[in-house]
Structures are given as structure tokens and as C-alpha cells.
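Colleague: I have a chain to look at with you. Can we go through it step by step?

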Amino acid sequence: MKISEQSDATRPRARGTERSMARRAELIAIGRKLFADTSYDALSMDDIARQAHVAKGLIYYYFQSKRGYYLAIINDSVADLITYAASGLELEQLDRVNRTMDGYLRYAEHNQAAFRAVVSGGVGFDAEVHAIRDGVRDAIVATVAEGAYGRTDIAPLARMGLFSWVCSVEGATLDWIDRPQLSREQMRELLVKTLGGALRAIEELDPAYPTPAPARRDA
């Protein structure tokens with residue numbers, strides 16, 4: 001077969017792959033809207049197909065099951081959150097933390113059902129949802145460590161201090177979306193202030209990790 005003939009033979013497949021990826025992305029975008037404030041159990045596959053204006057078989061074709069579809073939706077939305085948290089390296093330390101927390105709270109506010117599923121670990125013990133949650137935790141710990149200490153490979157005590165703070169953020173955010181008595185701005189400021197407390201505690205226990213200037217009490 002000539003090179004030109006080989007190229008022609010592969011083009012339809014490439015175009016088909018692009019169309020398939022675009023269609024899959026479109027279904028995920030639709031699902032993100034459907035599941036933003038609706039729990040996994042509240043929507044059947046018939047409900048999803050009807051509201052998405054697609055054949056139910058199309059969803060099975062791309063995602064095999066309702067659970068597969070839901071996991072793809074959560075993965076996609078959480079990937080945006082992780083990318084956002086990891087960006088902004090050009091910002092000052094405090095600005096970057098404020099930006100990260102604002103993005104986190106916005107995500108929880110506008111994707112409440114997905115946020116609850118991720119933080120609670122899904123329905124029962126769901127290893128895949130736990131892995132998504134752990135990825136978010138690791139991304140935020142890395143973001144704070146990079147900003148506070150200039151690196152992500154930190155000692156176990158420092159990591160545990162930041163990890164504990166992230167877990168407290170999860171619990172506080174769950175309560176906030178259930179009882180939104182504080183504005184997002186107030187909530188963000190509170191969480192950033194509590195991070196300052198965690199950073200000071202880390203320094204007290206391990207002086208090799210000094211508190212960044214913006215979080216010092218004398219700043």
C-alpha cells in the first residue's frame with residue numbers, strides 16, 4: 001500500500017474518533033447540568049435520556065452504565081477544579097490561596113450533589129469515588145505547600161497538618177451548602193484564616209517549616 005493510500009485509509013477512523021470524543025464530551029456536559037443539584041439515586045437512565053434528549057442506548061454505548069456515566073461526569077468536573085487549584089503560580093501566596101478557596105467553594109455551591117458524593121465517598125464504599133476525592137485533597141495540599149514552602153515534597157508532619165486542614169474544609173463546606181448563612185466571601189475568608197492557624201501549628205511542631213509572612217500573627 002502506498003503512503004498516500006495508507007493515509008487515506010486512516011483518515012475516516014480519525015474523523016470518527018474525533019466525532020466520538022466530541023459526542024462523549026457533549027454527553028458529559030449535559031450530565032454535569034443534570035447532576036449539578038440532583039443526587040445519583042434521584043435520576044434513572046430513562047430520566048437522564050429524556051432530559052438530555054438522547055436515546056438511552058447512546059449513553060450505554062459511551063459509558064456502559066449509569067454509574068459509569070456518573071463517574072465520568074464527576075471526573076470531568078473535578079478535573080476542572082484540580083487544574084484551577086494547580087494554576088496561578090504567578091500570584092502572591094495569599095492571593096493564590098484565596099483564589100483556590102474561592103474556586104473550591106464555587107464548585108461546591110454550583111455542583112452540590114456531585115460535591116456531596118465526592119466528599120462522602122459515593123454510595124457505600126466506592127473506591128473510584130474515593131480516588132477522585134483523594135485526588136482533590138492531594139491537589140489542594142500540593143497547592144498550599146507550594147505556596148507556603150516553595151515545594152510539594154514536604155515532611156509527614158507538615159503534610160498531615162495541611163491534610164487535616166483540607167479535611168476540615170470539606171466538612172465545613174458540606175455544612176455551608178446545606179445551611180448557606182454565610183456569603184461565599186465570608187466563608188472563603190474564614191477558611192483562609194484557619195489555614196493560617198494550621199501553618200502556625202506546623203511551625204511550632206517543626207521549625208523547619210516556618211509560617212509564611214501573610215499567615216504570621218505579626219504580619
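Modeller: Start with arginine 23, which lies in helix 1 (residues 3-35). Keep in mind that this is a predicted model.

Colleague: Is arginine 23 buried, partly exposed or exposed?

Modeller: Buried means under 20% relative accessible area, and exposed means over 50%. Arginine 23 has 25% relative accessibility, so arginine 23 counts as partly exposed.

Colleague: Which residues does arginine 23 touch, leaving out those up to four places away in sequence?

Modeller: Contact means heavy atoms within 4.5 Å. The residues touched are Val54, Leu58 and Tyr62.

Colleague: What pattern does the protein chain follow along the sequence?

Modeller: The secondary structure comes to nine helices and zero strands. Read along the sequence, the pattern is α-α-α-α-α-α-α-α-α.

Colleague: Which residues have the most contacts inside the largest nonpolar core?

Modeller: Of the 219 residues in the protein chain, 40% count as buried. The largest nonpolar core has 60 residues. Those with the most contacts inside this core are Tyr149, Leu162 and Trp165.

Colleague: What does tyrosine 149 touch, not counting residues up to four places away in sequence?

Modeller: Tyrosine 149 is among the residues with the most contacts inside the core. The residues touched are Ile154, Leu162, Leu199, Ile202, Tyr209 and Pro210.

Terms used
Residues numbered from 1 in each chain as written. Predicted model: local features only at pLDDT ≥ 70, side-chain atom pairs only at ≥ 80, totals over all residues. Heavy atoms only, no water. Helix = DSSP H or I, 4+ residues; strand = E, 2+ residues; numbered from the N terminus. Buried < 20%, exposed > 50% of the residue type's maximum accessible area, 1.4 Å probe, protein only. Core = buried A, V, L, I, M, F, W, Y, C linked by side-chain atoms within 4.5 Å.
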